[in-house]
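Please read them with the sequence and the structure open beside you.

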Amino acid sequence: MLMSSTAGHAAGNVDAGRKLFGQCAACHAVGKTAGHQFGPMLNGVMERPAASADGYSYSDALKQAAQNGLVWDEPSLDAFLESPMTYVVGTKMAFAGMRDEAQRQDMIAFLQQIDSSGSGATATVEPPAANSLVSESSAPEAQRPLARDTTVPEHGVLHLGRLALPEEVAAWDIDIRPDGLGLPTGSGSVETGGQIYDAQCAVCHGVFGEGAGRWPVLAGGFDTLSDERPEKTIGSYWPYVSTVYDYVRRAMPFGNARSLSDDDVYALTAYLLYLNDQVSEDFTLSTDNFASITLPNVDNFIADDRMEEVHYASREEPCMQDCIPGEATVTQRARVLDVTPDNGDDDNAGGGID
Ligand code: HEC
Ligand code: HEC
């Protein structure tokens, strides 16, 4: 291992630091052919005054810090990397920081042994990992891996935003699977559901789910799926009760979404099942019996097994060029399908689907 004879030895692990450099490589390069990118080239950065790489346009904040005597050594680099934007307020290094002290030590150990010519940037024994963005003389600019192929920092490759809090994730994570996974614990009866429905839903969806005005119909429509204008309702079309619970909890009542309690939603789901003749009027829906209810149309929903069909399974990459030998000929015009408007003023003008 090559070590600079003047620089001290940081406690960190050079190879680990080299891997971690993937987090920096979106903006910085090191190595024999490295130049400035969005951030300054970092060859030989240790022990040199801040903001002193030739030809790079630093922020006023970092230049000022340099005038006040900032030199990159272990303590200053450690503090900078932990939280660049608090250590040098106004720096244009928009990087959230490395919170983990051991990682910072590894990073510093890696930077420390790269001299100003760039040697030390790549591993001497092992070839560089495919996902390290470290450049070296044998790897021309164009062959360097893209940022998207490198280790993505916790907060995302663009270094924007922050991680969602667990409470936020929990608040968003309300989907329910057909088998009931994700359901909150609770229950609600058809009777209670009817009361809530009359008060909060009937104004739009009609007293019996028949739909008021042009608001959606929620019940009925059995045996209409093959009609010209099928009436798709929870009873006639929807495959799973979980969709009803999920939808009502997420989106209804329209204009006042997320205002219902979990038990209210159980009760409303029970009532909607009742309106669709799926349960009796004394039924109570609960976490325990939820998965036992199947809707009539469930069998007409099938998993997408397209890739197992002969037509697809036998295919490799789709042909994109010269797929048919010989010259191309037009075999059909859109007019034949009657979707192209006729020109002029004849009766058919406008054509298309009605
Ligand atoms: C989003 C882009 C970005 C990322 C990611 C980034 N930096 Fe920077 N870095 C910069 C910019 C821009 C500057 C110049 C700061 C200024 O002028 O205020 C800088 C400056 C520096 C400096 C000071 C250099 C000098 O010449 O004074 C060091 C050291 C440094 N970065 C190390 C790192 C390390 C190590 C990482 C990874 C852990 C990293 N940076 C990640 C953009 C980035
Ligand atoms: C202000 C009118 C209004 C009220 C009140 C209302 N809804 Fe809705 N509901 C809608 C609209 C509009 C849609 C269609 C929304 C869409 O497609 O984006 C809808 C869709 C639905 C659907 C899905 C229908 C389908 O087949 O796609 C269900 C189920 C539903 N509402 C249940 C309820 C329940 C239960 C309540 C009472 C808690 C309620 N709605 C209150 C207007 C209303």
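Which helices each supply at least two residues of the shell around ligand 2?

1. Helix H8 (202-205) and H9 are the answer, for each of them supplies at least two residues of the shell around ligand 2. That shell is made up of 17 residues, and the closest to the ligand are Cys201, Cys204, Met252, Pro253 and Phe254. Sorted by class, the shell holds 13 nonpolar and four polar residues, with no charged ones.

2. Before going further, please keep in mind that this is a predicted model. The chain has a mean pLDDT of 83, and 80% of its residues reach 70 or more. Residues 1-8, however, have a pLDDT below 50, and in the model this stretch makes 14 contacts beyond its near neighbours in sequence. Residues 125-139 also have a pLDDT below 50, and there the model shows 39 contacts beyond near neighbours in sequence.

3. As for the overall layout, the chain contains eleven helices and two strands, and read from the N terminus these elements follow the order α-α-α-α-α-α-β-α-α-α-α-β-α. Of its 354 residues, 28% count as buried. If one takes the contacts between residues at least 6 apart in sequence, 57% of them join residues that are at least 24 apart.

4. Ligand 1 is surrounded by 28 residues, of which Cys24, Cys27, Gly39, Ser59 and Met93 are the closest. Helix H2 (60-67) and helix H3 (74-82) each supply at least two residues of this shell, which by class has 21 nonpolar, six polar and one charged residues.

5. The largest nonpolar core has 30 residues, and those that touch the most other members are Val30, Met107, Phe110 and Leu111. Helix H1 (14-20), H2, H3 and helix H5 (101-112) each supply at least two residues of this core, and H5, with five residues, gives the most. Methionine 107 touches Gly12, Gly17, Leu20, Leu81 and Met98, when residues up to four places away in sequence are not counted. There is also a second, separate core of 28 residues, which includes Cys201, Ala219, Val241 and Val244. As background, nonpolar side chains tend to be buried together in soluble globular proteins.

6. After H10 comes aspartate 277, which has a positive phi, near 60°.

7. Leaving aside neighbours within four places in sequence, serine 116 is in contact with Asn43 and Gly44. The C-alpha atoms of serine 116 and valine 45 are separated by 7.5 Å, although these two residues are 71 residues apart along the chain.

Technical notes:
Residues numbered from 1 in each chain as written. Chains lettered and ligands numbered in written order. Helix = DSSP H or I, 4+ residues; strand = E, 2+ residues; numbered from the N terminus. pLDDT = per-residue confidence, 0-100. Contact = placed C-beta atoms within 7 Å. Near = placed C-beta within 6 Å. Nonpolar A, V, L, I, M, F, W, Y, C, P; charged D, E, K, R; others polar. Buried ≥ 20, exposed ≤ 12 C-beta atoms within 10 Å, placed from the backbone. Core = buried A, V, L, I, M, F, W, Y, C linked by C-beta atoms within 7 Å.
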